[in-house]
Amino acid sequence: MSDPTPAPFLDRRYGWVNPALALLSSALLIVIFPPFGATWFAPLALTPLLMACALEPNWTKRALLGWLAGVVFWCGLCPWIQFVLEVHGDMGPFLSWFGFLLFGLYKGLATALFAALAGLCMNRWWTIPATAALWIGIERLHVYTGFTWLQLGNAATTMPLPMRIAPFTGVYGISFALAMLSAAVAVVLLRRPRRELAWLLTFAVLIFLPRAPRPATGSRQALVVQPNVDPEMRWTRDTLDLTEHKLALLSKQPGADLIVWPEVPAPFYIDDARYQNYLKQVARDGQAPFLSGVVGYTPDRMPLNSAVMVAPDGNIVGRYDKIYLVPFGEFIPPLFSWVNRITQESGDFSAGNRVVVFPVNDPRTGEAHKAGGFICYESAVPNLVREFTNSGAEVLLNLSNDGYFGHSAAHEQHLLIARMRAAENRRWLIRATNDGITVSIDPAGRIAARLKPFEQTAGMLPFDYSNEQTPYTRYGDWFAWSCLGVGLALSAGSLLVVKSRGSVDSR
């Protein structure tokens, strides 16, 4: 198959065209997420970058184009990281911006790899599925780079038809659909044969997938406390006693089936006998199972970011220790040892090593249920959250302290991520945060109720228990890993085609 004849306005003799296309993809990828929320651009977001990859025959230049796109995307998506480093990491403007730039340069390497490989497939009849598969495979690898956040598919959280895919493949299947559409538009603009668009006929399967559950009110109530504690608070015995007193009062509303506090916003140490007795009294006063964030310890006295469940009779029935720690917030990567600590124990936290599902009994009927509580950033790891559900959790509880984000778009971004986890597993999800956004999310990923952010408050949020097991819950990221394998195989096949024709260039 011959190389495409590009439209005149894409003549690569103009050296600025490809960098401009790469930057356009960065801009589109940024605006589809909060604070902009222009989700209608999601099916086009990768199109400009794919066109640049098709027009650039040199793989190293393609990698540079992808790197440019990735750096701008990650820096534009997560400017709040610079704020966290400067304000809460006490690094000052210069070092915080320097660290933030290093973050962007590092994360952009994934997009560089995508561009280098995607260019091999852009002039083949398998362009559309190959480039989509590559994108999803690399999305899945972000978990292993130390930081993952929004996937392309998160932009479709409010789109009913694509969201039908979530219970089968997780967010990655939705990303695949959007990436296919981007590739199809690129194929059209590059004047490729129209028969290559036949891959889009696979979208017909969407109409046969089950619809999302209808909106439900939820027959149970979780009393969720939002402390609104300043992350820069300088704690004394008096300020800690006052905070504990206020939170206990907020937790005394009658009629709760569950009481939930967020990720630890204060020096709440579970090995402190006084504080243990305090937690037990809160559960006894509320006469409901009570989940709270705490600081735990390993046997060798290393701190853990933990959550404990206390039964209505005051007995502690389980503890979960956070597995996926936040770089710079809870540990310092070795290459960044010069970065200041953001929290008191930052750089010292140890990671947990097992998923824990808590027993919760209905305070009125005594009926036994199970809850899965994961902590903050862990909501961005789809496979971890589905492990809680696969282990029997009938409701998901996400404890978070987003106070370090200030009033940035990170709050809405984090919420968008949590909504996808609910839809993937068809579970109610209660998101308890320090200062917002505290919400109840239904099994379709819709927001059922929320508390007013940036206030110290508490409120009843609806939820229900469910035993449904989605295919994604059972089988995890089978689709994403398959995409990685298929994408790499088709890239290798494309390279062999080029070599077999005796036209080995710098691809």
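This is a predicted model: local features need pLDDT of at least 70, side-chain atom pairs count only at pLDDT 80 or more; totals for chains, interfaces and linings use all residues.
Six strands form an open sheet in the order 5-4-3-2-1-12, and the pairing is mixed. Strand 5 (316-321) and strand 12 (457-463) are the edges, each pairing on one side only. On average, neighbouring strands are turned by 30° against each other, direction ignored.

Now look inside the sheet. Strand 1 (residues 220-226) and strand 2 (residues 258-260) run parallel, joined by three bridges. Here Leu 223 stands opposite Ile 259 of strand 2. Helix 11 (residues 273-286) lies across strand 2, strand 3 (290-297), strand 4 (303-310) and strand 5. Its direction makes about 170° with strand 3.

Arg 220 lies in strand 1, and Asp 362 in the loop between strand 6 (357-361) and strand 7 (368-375). Their side chains meet in a salt bridge, 2.4 Å from N to O. Arg 220 counts as buried because its relative accessibility is 13%, under the 20% cut-off. Asp 362 is buried too, at 7%. Arg 220 also forms a salt bridge with Asp 464, at 3.6 Å. Asp 464 sits in the loop between strand 12 and helix 14, so this pair ties together parts 244 residues apart in sequence. A network of salt bridges links Arg 220, Asp 362, Glu 367 and Asp 464.

The whole structure holds 14 salt bridges. One of them joins Asp 477 to Arg 140, with the closest N and O atoms 2.7 Å apart. Asp 477 is in the loop between helix 14 (471-475) and helix 15 (478-500), while Arg 140 is in helix 6 (residues 127-141). The two are 337 residues apart. Asp 477 is buried at 4% relative accessibility, and Arg 140 is buried at 5%.

Terms used: Residues are numbered from 1 along each chain as its sequence is written. Side-chain values use heavy atoms; hydrogens and water are left out. Two strands pair if DSSP finds at least two bridges between them. Helices (H or I, at least four residues) and strands (E, at least two) are DSSP runs, numbered from the N terminus. Axes are lines fitted to C-alpha atoms, for helices over the stretch in contact, and angles run from 0 to 180 degrees between N-to-C directions. Contact means heavy atoms within 4.5 Å. A salt bridge is a side-chain nitrogen of Lys or Arg within 4 Å of a carboxyl oxygen of Asp or Glu. Buried means under 20% relative accessible area, exposed over 50%, partly exposed in between (1.4 Å probe, protein chains only).
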